[in-house]
Amino acid sequence: MSIKLFIEAIIKYSSGVILTGILIFLPAGTIYFPNGILFMSVLFLPMFIAGIVLMAKSPELFKKRLDAKEKQKEQDALIKLCAVLFILGFAASGFGFRFSVLRLNTTVSLVFSVIFLFAYLIYARVLFENKHLSRTIKTEKDQKVVDDGLYGIVRHPMYAASIILFLSVPFVLGSLIALPFFLPYPFIIAKRIKFEEALLEKELSGYKEYKIKVKYRLIPFIW
């Protein structure tokens, strides 16, 4: 692990914490936004722990996860669309708290916090199973098809975990007014999956056979 990579990771992590905090607490008009504090905790504390473990156990994978620059124009546009929706959703939750609009009770937020953390565990498991898991759509020279573990259940367990994570966000934030901004995410991911699978069929040996073996993309027996 190089000092440069470590510094880059710290900068990106710190920037994420600060930016997300601004997007949530500034519209709320106060730091005392309990659901905002809860969300920041369940998002960034596990992320910090996972980053430390990944940095120590698999620095090459850690480096890949830091590279979020999508080279495909269509996919880059989808990523930017997600970013805009998340910004609007975070801001809506803050304004919803400030003006007491469509707020959810504490029990609902705590239940979805547990669901959020469960999705994080799935996410971590996928990282353990697939050492080629970059944040951008591409193949690598020595890459092989992973077809066991969670990949033996669905073809895209990472995306499945991310959908659970992001659909849980407005509930953790206790804000129904923020929910519409997160609902398009599964459809964006579905479009991304179709593009990714077309690329993998062309460039990754054995992927066509894998698709026959594991029929479902995200949800067993459904899709």
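Me: What makes α1 and α4 roughly parallel to each other in this predicted model?
Reply: Helix α1 (residues 3-28) and α4 pack at an angle of about 30°. Angles under 35 degrees count as roughly parallel. Therefore α1 and α4 are roughly parallel to each other. Their axes are 6 Å apart, and α1 passes α4 in a right-handed crossing.

Me: Which residues of α1 and α4 meet?
Reply: From α1 come T20, L23, I24, L26, P27 and A28. They meet I87, F90, A91, G94, F95, F97 and R98 in α4. By class, this contact holds 10 nonpolar, two polar and one charged.

Me: Why is α4 called roughly antiparallel to α8?
Reply: The axes of α4 (residues 73-99) and α8 (residues 185-203) cross at roughly 165°. Angles over 145 degrees count as roughly antiparallel. That makes α4 roughly antiparallel to α8. The two axes come within 11 Å. The crossing of α4 and α8 is left-handed.

Me: What makes the contact between α4 and α8?
Reply: On α4, the residues are E74, Q75, L78, I79, L81, C82, L85 and F86. On α8, they are Y185, I188, K191, R192 and F195. Nine are nonpolar, one is polar and three are charged.

Me: How do you know that α6 is roughly antiparallel to α8?
Reply: The axes of α6 (residues 157-172) and α8 cross at roughly 165°. The cut-off for roughly antiparallel is over 145 degrees. So α6 is roughly antiparallel to α8. Their axes come within 10 Å. Here the crossing is right-handed.

Me: Which residues of α6 and α8 make their contact?
Reply: α6 gives Y159, S162, I163, F166 and L167. α8 gives Y185, P186, I189, R192, I193 and E196. The contact of α6 with α8 divides into eight nonpolar, one polar and two charged residues.

Me: What volume does the second largest pocket have, and which residues are the closest to its centre?
Reply: The volume is about 320 Å³. Of the 14 residues lining this pocket, A50, V53, L54, A124 and L127 are the closest to its centre.

Me: Which elements give two or more residues to the lining of the second largest pocket?
Reply: They are α2 (34-57) and α5 (106-129).

Me: How do the lining residues of the second largest pocket divide by class?
Reply: 11 are nonpolar, one is polar and two are charged. Ala, Val and Leu are among the residues that count as nonpolar. A50, V53 and L54, which are among those closest to the centre, belong to that class.

Conventions: Residues numbered from 1 in each chain as written. Predicted model: local features only at pLDDT ≥ 70, side-chain atom pairs only at ≥ 80, totals over all residues. Heavy atoms only, no water. Axes fitted to C-alpha atoms, helices over the stretch in contact; angles between N-to-C directions. Helix = DSSP H or I, 4+ residues; strand = E, 2+ residues; numbered from the N terminus. Parallel < 35°, antiparallel > 145°, perpendicular 65-115°, else oblique. Left-handed = near helix turned anticlockwise from the far one by under 90°. Contact = heavy atoms within 4.5 Å. 1 Å grid on protein atoms, 1.4 Å probe; cavity = no way out; pocket = protein on both sides within 12 Å on 5 of 7 lines; lining within 4 Å. Points joined across faces, edges and corners; volume = space filled by probe spheres on them.
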